[in-house]
Amino acid sequence: MSYYRVTKAGSGHLVMAKDPLAEAGLHFDELNKLRVLEPDVSQKTTELNEECEDFVDKIGQFQKIVGGLIELVDELAKEAETEKMKAIGARNLLKSVEKQREAQQQQLQALIAEKKMQLERYRIEYEALQKVEAEQNEFIDQFILQK
């Protein structure tokens, strides 16, 4: 690749001449500092470096956001687990209360059956006592009449 430099000739005209520094891979930047890279390559390198810094900053922000999201999801998972345990406890308590009520209902039904049987015995005994009373009253009436 050939490099040319524009210079003024002795007559004041601009002349394009081969640039030995450019051919050696050395270039001057806008501040006339000697550089190893061509100015457009140097500019693209600087732009790429800035874009990389922006990218790294954005990745850092993304990691912070994701970290916050992970913490939030973990917190929600813990709360969900707590609520799940509460629900399981409430369900077990409800089952226990239901079983207790069933047992109590069976006990009460057995007590009702027992009381009904006792009532029937008392009714039969009452009828028997009424017969005895009637017989005794009849005996008393006959005894009084015989005197």
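In this predicted model, a surface patch is a group of residues that each have over 30% relative accessible area and no salt bridge, with nonpolar side chains joined within 5 Å. One such nonpolar patch, of about 360 Å², is made by Leu69, Leu72, Val73 and Leu76. Leu69 has its place in helix α2, which spans residues 39-146.

The secondary structure comes to two helices and four strands, and from the N terminus on the elements run β-β-α-β-β-α. Among the elements, helix α2 has the highest mean pLDDT (95), while strand β1 (residues 4-8) has the lowest (50). Where pLDDT is low, the predicted coordinates should not be read in detail.

Buried residues make up 3% of the 147 residues in the protein. The protein exposes about 13700 Å², and carbon and sulfur atoms supply 59% of that area. Of the contacts between residues at least 6 apart in sequence, 5% join residues at least 24 apart.

Side chains of opposite charge can pair when their charged atoms come close. A search of the whole structure finds three salt bridges. In one of them, Lys86 is joined to Glu83, with the closest N and O atoms 3.6 Å apart. These two residues, Lys86 and Glu83, are separated by about one helical turn because they are three residues apart in helix α2. Lys86 counts as exposed, at 52% relative accessibility, whereas Glu83, at 48%, counts as partly exposed.

Further along, Glu120 and Arg123 meet in a salt bridge of 2.3 Å, N to O, and both lie in helix α2, three residues apart. Arg123 also forms a salt bridge with Glu127, where the closest N and O atoms are 2.6 Å apart. Through shared partners, Glu120, Arg123 and Glu127 are joined into one network. Glu120 is partly exposed at 36%, as are Arg123 at 37% and Glu127 at 37%.

Aromatic rings were examined as well, and the whole structure gives one aromatic pair. The partners are Phe139 and Phe143, which are stacked, at 6.4 Å centre to centre and with 20° between the planes. Both lie in helix α2, four residues apart, or about one turn of the helix. Phe139 counts as exposed at 56% relative accessibility, and Phe143 counts as partly exposed at 43%.

Key. Residues numbered from 1 in each chain as written. Predicted model: local features only at pLDDT ≥ 70, side-chain atom pairs only at ≥ 80, totals over all residues. Heavy atoms only, no water. Patch = residues over 30% accessible without salt bridge, like charges linked within 9 Å, V, L, I, M, F, W, Y side chains within 5 Å. Areas by Shrake-Rupley, 256 points an atom, 1.4 Å probe, with all protein chains shown as cover. Salt bridge = Lys/Arg side-chain N within 4 Å of Asp/Glu carboxyl O. pLDDT = per-residue confidence, 0-100. Buried < 20%, exposed > 50% of the residue type's maximum accessible area, 1.4 Å probe, protein only. Contact = heavy atoms within 4.5 Å. Phe/Tyr/Trp six-rings, centres within 6.5 Å; stacked < 30°, edge-to-face > 60°.
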